[in-house]
Each structure stands twice: as structure tokens, then as C-alpha cells.
Amino acid sequence: MAAQQENYWTYLFLGFLGGLIALLTPCVFPMIPLTVSFFTKGSKDKAKGKRDALLYGFSSF
């Protein structure tokens with residue numbers, strides 16, 4: 001039996017597409033504006049709010 005060549009870019013693309021679709025579910029979609037406003041209005045410095053949001057986003061992997 002011949003081994004099939006795996007294409008990791010396809011897995012990456014399908015995973016990314018699945019994540020975008022998951023953002024549209026009714027339990028997640030309303031949380032997006034809440035999260036954005038939490039980080040942008042919760043800090044006095046705009047740069048600190050962006051930095052905290054990026055740190056939060058990258059730590060969720």
C-alpha cells in the first residue's frame with residue numbers, strides 16, 4: 001500500500017476555516033465586542049490595551 005503524502009497546509013487552512021466558522025456560533029459571536037471593549041476601554045493607555053489583547057490572544061493557543 002502506497003503512503004499518501006500529507007499536506008500540512010491543507011490541515012492548517014481547514015483548521016483556520018473551522019475557527020472562523022466557530023466564531024459565528026451564537027454562544028461565541030456576542031463575546032467578541034465584549035472582549036474588545038474590555039481591553040480597549042479597560043486601560044488608560046491605548047497601546048497597553050492593544051498589548052494586553054495580543055498577549056491574551058496568543059496565550060489562548
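**Entry 1: helices and confidence**

I began by writing down what a helix is here, namely a DSSP run of H or I at least four residues long, with helices numbered from the N terminus. With that in hand I looked at tyrosine 8 and tyrosine 11, which lie 3 residues apart in helix α1 and are therefore separated by about one helical turn. I noted for myself that this is a predicted model, and I kept that in mind for each entry below.

I then counted the elements and found 3 helices and 0 strands in the protein, and reading along the sequence I wrote the pattern as α-α-α. For confidence, I noted that the protein averages a pLDDT of 83 and that 89% of the residues score at least 70. Confidence is highest in α1, at a mean of 91, and lowest in α2, at 83.

**Entry 2: surface**

Next I asked myself how many of the 61 residues of the protein count as buried, as a percentage. I found that 5% do, and I recorded that the protein exposes about 6,000 Å², of which carbon and sulfur atoms supply 71%.

I looked up the nonpolar surface patch as well, and I noted an area of about 730 Å², made by Phe16, Leu20, Leu23, Leu24, Val28, Phe29, Ile32 and Val36. Helix α1, residues 8-23, and helix α2, residues 31-41, each supply at least two residues of this patch, and the largest share, 3 residues, comes from α1. I picked out isoleucine 32, which has its place in helix α2, and I noted that its relative accessible area is 34%, so isoleucine 32 counts as partly exposed.

**Entry 3: the annotated span**

I checked the UniProt record, an unreviewed entry, and its annotation "transmembrane region" covers residues 12-40. In the model, I found that the end C-alpha atoms of residues 12-40 lie 30 Å apart, and that the span is 76% helix and 0% strand.

**Entry 4: the salt bridge**

I searched for salt bridges and found 1 in the structure. Which residue forms a salt bridge with lysine 48? The partner is aspartate 52, and the closest N and O atoms of the two are 2.8 Å apart. I noted that lysine 48 and aspartate 52 are separated by about one helical turn because they sit 4 residues apart in helix α3, residues 46-59.

**Entry 5: aromatic rings**

I searched the whole structure for aromatic pairs and found 3. I came back to tyrosine 8 and tyrosine 11 here, since they form a tilted pair, 6.3 Å centre to centre with 55° between the planes. Are these two tyrosines, tyrosine 8 and tyrosine 11, buried or exposed? I found that both tyrosine 8 and tyrosine 11 are exposed.

Phenylalanine 39 and tyrosine 56 form another tilted aromatic pair, and for this one I wrote down 5.4 Å centre to centre and 45° between the planes. This pair links distant parts of the chain, as phenylalanine 39 is in helix α2 and tyrosine 56 is in helix α3, 17 residues apart. I also asked why phenylalanine 39 counts as buried. The relative accessible area of phenylalanine 39 is 14%, and the cut-off for buried is under 20%, so the residue falls in that class. Lastly, I noted that ring pairs link Phe38, Phe39 and Tyr56 into a cluster.

Technical notes: Residues numbered from 1 in each chain as written. Predicted model: local features only at pLDDT ≥ 70, side-chain atom pairs only at ≥ 80, totals over all residues. Heavy atoms only, no water. Buried < 20%, exposed > 50% of the residue type's maximum accessible area, 1.4 Å probe, protein only. Areas by Shrake-Rupley, 256 points an atom, 1.4 Å probe, with all protein chains shown as cover. Patch = residues over 30% accessible without salt bridge, like charges linked within 9 Å, V, L, I, M, F, W, Y side chains within 5 Å. Salt bridge = Lys/Arg side-chain N within 4 Å of Asp/Glu carboxyl O. pLDDT = per-residue confidence, 0-100. UniProt positions renumbered as here; feature names shortened; annotations may be inferred. Phe/Tyr/Trp six-rings, centres within 6.5 Å; stacked < 30°, edge-to-face > 60°.
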